[in-house]
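Take a moment to look over the sequence and the 3D view. Then let's walk through them together.

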Amino acid sequence: MSSFPWYDGIAGVLVLGTWVAAWWRSRRFRLRFALLAPAAAIAGIVLALVVTVETGRAAADSCAGTDCHDVAGFTARLDSPDGFAGLLGANATVALFVAVPLTAVTLIVEYILLVRRQNREDRALAEEARRRREASRGA
């Protein structure tokens, strides 16, 4: 864990902070955020891989020799990406690990709230129908 710098977890902390703040916002915002956060994290991982591959291609184009274009060279670049690709990949991965459970919790809680809201509305409609029947009998 000592090789994991603090700035590789910034995206996860931002996802968690935004998720907590979303509970005081509208239901629409909360659901949109819960569904888009994992998609954005996956897009970040894909972008990091694209940047890593493109960086590897540029390095391979400038490389001379037979050792430049093999699988070991590619996997070595994936194991230790430099700069932007490494930071983006690490942050997107942490954000994905944070966003997926939070999305599951959000969807479960919203489903429970939906069922409770529907039951409350059903009881109110039944009570109103009962009052109408009693009023029509008494008239």
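First, some ground rules. This is a predicted model, where local features need pLDDT of at least 70 and side-chain atom pairs count only at pLDDT 80 or more, while totals for chains, interfaces and linings use all residues. Residues are numbered from 1 along each chain as its sequence is written, and side-chain values use heavy atoms, leaving out hydrogens and water.

The chain has 4 helices and 0 strands; helices (H or I, at least four residues) and strands (E, at least two) are DSSP runs, numbered from the N terminus. Of the 139 residues, 24% are buried. Here buried means under 20% relative accessible area, exposed over 50%, and partly exposed in between, with a 1.4 Å probe and protein chains only. Take the contacts (heavy atoms within 4.5 Å) between residues at least 6 apart in sequence: 85% of them join residues at least 24 apart.

Now zoom in on helix H1, residues 10–22. Which residues of H1 are buried? They are Gly12, Val15, Trp19 and Ala22. Seen down the axis of H1, these fall within an arc of 90° (taken from the directions from the helix axis to the C-beta atoms), so they line one face of the helix. The face turned away from that buried side carries the exposed Val13 and Leu14.

Finally, find isoleucine 108 in helix H4, residues 83–138. Isoleucine 108 is exposed, with a relative accessible area of 53%.

Key. The expected span of a helix is 1.5 Å times one less than its number of residues.
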